[in-house]
Amino acid sequence: TTVTNTITAYWELAYARQNVKVQQQAVTVSEKLYNDNKKQLEIGTMAPLDVTRAESELATDRQNLIVAQTTQLQDELVLKNDISKDPLAANLINVE
């Protein structure tokens, strides 16, 4: 059971790390869309509602990134708990 839990925790962490990368890319794309929409609004080729939608999507993507980063940190702690008696030991505290 311990080995299975440790393996599961490892793969959960691997997934969480990749999810953080995906969410970071989503934020980057949303920021670009928002900035492009703002420029188009300034020159009069876009409706204000489209800028508001892009801003809302950017906020949602930023929130999703924070959730993904939090999950990654939690999964790191779970794995540390599985492989160490003291996950807060000085030699493990900065290990990802």
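Me: How many helices and strands does the secondary structure of the protein come to?

Reply: Helices (H or I, at least four residues) and strands (E, at least two) are DSSP runs, numbered from the N terminus. Here there are two helices and zero strands. This is a predicted model: local features need pLDDT of at least 70, side-chain atom pairs count only at pLDDT 80 or more, and totals for chains, interfaces and linings use all residues. Residues are numbered from 1 along each chain as its sequence is written, and side-chain values use heavy atoms, with hydrogens and water left out.

Me: What span should helix α2 have?

Reply: The expected span is 1.5 Å times one less than the number of residues. Helix α2 (residues 48-83) has 36 residues, so it should span 52 Å; its end C-alpha atoms are 53 Å apart, which agrees.

Me: Which residues of α2 are buried, and what do they pack against?

Reply: Buried means under 20% relative accessible area, exposed over 50%, partly exposed in between (1.4 Å probe, protein chains only). In α2 the buried residues include Val51, Leu58, Asp61, Leu65 and Leu79. The buried residues of α2 pack against α1. Across the protein, buried residues make up 27% of the 96 residues.

Me: Is isoleucine 7 buried, exposed or partly exposed?

Reply: Isoleucine 7 lies in helix α1 (residues 2-43). Its relative accessibility is 45%, so it counts as partly exposed.

Me: What radius of gyration does the protein have?

Reply: The radius is taken over C-alpha atoms; the globule rule is 2.2 Å times the number of residues to the power 0.38. A compact globule of 96 residues would be near 12 Å, but the protein has 20 Å. Its C-alpha atoms fill a box of roughly 60 × 25 × 15 Å, along the principal axes.

Methods:
Contact = heavy atoms within 4.5 Å.
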